[in-house]
Amino acid sequence: MKTKLELVNVMVLNVGYARTTHHWGDEDLSSPFARLYYIKEGKAWLRFPEKTLEVRPGFMYLVPTFMPHSYECEPGFSFYYMFIYEKYQDKSGLFDFYEFPLEVKANEAVDIIFTQYCTLYPQLSLPYASAEEFSHHPTYHDYTRRYSQMERYERMQLQGMVWILSSYFMKHARVKESHGDDRIRMAMEFCQRNVEKDITLDMLADIACVTKSHLMRLFREKLGVSPMQYAIRKKIQTAQGLLLTTDMNIKQISQEIGISDSSYFVRLFKKNIGFTPQEYREKLR
């Protein structure tokens, strides 16, 4: 786990403040970036597949990458937000290794950090006065390009903000159970690092040094999916990231994740995400 933390490379896509003027919400969200909220006042709900949280002023909330969720806000609800995109050379991320709490208590330091960074980097705020327009913003390709063009010291400051705020969640995080089994871990890491390859069950069984049937059983017990379903999930997640941060066309993205037939890629993406790649890209704008 130490190596993973040392390799962290995060990109702050947005940081800002928003307030609702009337009832507002959105459904069927799943983003290749993590969302962190610091609640100031008002009532709202975050809905996840297995639970609903009524968010509370004075608390922070973390929505991990690729976590399906919806939200609903009452008029007068106000919050700070930060959207974080993880980049690792091996295409994995902290959410692959750790389970984080969704809610932690904030403090005066959190308030100061958000206030200060919103003042320092107004260009990273979503360019709207009301929270109702919060979901409608320029393509995130523009934000990733803007971030990459920042001075090194500015990127260091923003990454420092991520580390400080994330530490509140890391304090209560735990290593995922699946990473206690080296056989599963090796197969998972192979899928993460080789999304551009045509991965087969034979490959994964050889990597894990077990039979195919035994590997199937291990994955089902620990992850609730088959090895090939996990491999496809990592390909689709990589595609989500590319749809977010690049202007690559659908065929190029399909080839980037080792699927030569772009029509099959579109069908596979819709089966897993509920939208076609183009629909998903438009939803992120």
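The structure is a predicted model, and the chain averages a pLDDT of 86. Of the 285 residues in the chain, 51% are buried.

**Confidence in the model**

- A pLDDT of at least 70 is reached by 87% of the residues.
- Among the elements, the highest mean pLDDT, 97, belongs to strand E10 (residues 103-105), and the lowest, 47, to helix H1 (residues 2-6).
- Where pLDDT is low, the predicted coordinates should not be read in detail.

**Contacts along the chain**

- Among the contacts in the chain with a separation of 6 or more, 74% are between residues 24 or more positions apart.
- Another pair is histidine 69 and serine 31, which are 38 residues apart along the chain and have C-alpha atoms separated by 9.5 Å.

**The nonpolar cores**

- The largest nonpolar core consists of 60 residues, and those with the most contacts inside it are Met60, Met82, Phe114 and Leu165.
- Strand E8 (residues 78-86) supplies the largest share of this core, namely seven residues.
- Another core, of 16 residues, lies apart from the largest one; among its members are Ile184, Val210, Tyr230 and Ala231.
- In soluble globular proteins, nonpolar side chains tend to be buried together.
- Leucine 165 touches Leu36, Met60, Met82, Val110, Ile113 and Phe114, when residues up to four places away in sequence are not counted.

**Strand E3 and its partners**

- Strand E3 (residues 34-41) is mostly covered, since six of its eight residues are buried.
- E3 and E8 run antiparallel and are joined by seven bridges. Within this pairing, leucine 36 has methionine 82 of E8 as its bridge partner.
- E3 is also joined to strand E6 (residues 59-63), by four bridges, and these two strands run antiparallel. Here the bridge partner of tyrosine 37 is tyrosine 61 in E6.

**Two buried strand residues**

- Valine 10 is located in strand E1 (residues 10-19). Its relative accessible area is 6%, and buried means under 20%, so valine 10 counts as buried.
- Leaving aside neighbours within four places in sequence, valine 10 is in contact with Ile84, Tyr85, Glu86, Tyr147, Gln159 and Val162.
- Histidine 69 is located in strand E7 (residues 69-73). With a relative accessibility of 4%, histidine 69 is buried as well.
- Not counting residues up to four places away in sequence, the contacts of histidine 69 are Glu27, Asp28, Leu29, Arg35, Leu46, Arg47, Phe48 and Val63.

**Helix H8**

- Helix H8 (residues 212-223) has twelve residues and reaches 16 Å from its first C-alpha to its last, close to the 16 Å expected at 1.5 Å a residue.
- The buried residues of H8 are Leu215, Leu218 and Phe219. They cover an arc of only 95° around the axis, and therefore lie on the same side of H8.
- An α-helix has 3.6 residues a turn, so residues three or four places apart point the same way.
- The cover over the buried residues of H8 includes helix H6 (182-193), helix H7 (201-208) and H9.
- Glycine 224 follows H8 and has a positive phi, near 80°.

**Helix H11**

- Helix H11 (residues 262-273) is made up of twelve residues; from its first C-alpha to its last, H11 reaches 16 Å, close to the 16 Å expected at 1.5 Å a residue.
- Phe265, Leu268 and Phe269 are the buried residues of H11. Because they cover an arc of only 100° around the axis, they are on the same side of H11.
- Arg267 and Lys271, on the other side of H11, are exposed.
- The buried residues of H11 pack against helix H9 (227-245), helix H10 (250-256) and helix H12 (277-283).

How values were computed:
Residues are numbered from 1 along each chain as its sequence is written. Side-chain values use heavy atoms; hydrogens and water are left out. pLDDT is the predictor's confidence in each residue, from 0 to 100. A nonpolar core is a set of buried Ala, Val, Leu, Ile, Met, Phe, Trp, Tyr and Cys residues joined through side-chain atoms within 4.5 Å. Buried means under 20% relative accessible area, exposed over 50%, partly exposed in between (1.4 Å probe, protein chains only). Contact means heavy atoms within 4.5 Å. Two strands pair if DSSP finds at least two bridges between them. The expected span of a helix is 1.5 Å times one less than its number of residues. The arc is that of the directions from the helix axis to the C-beta atoms.
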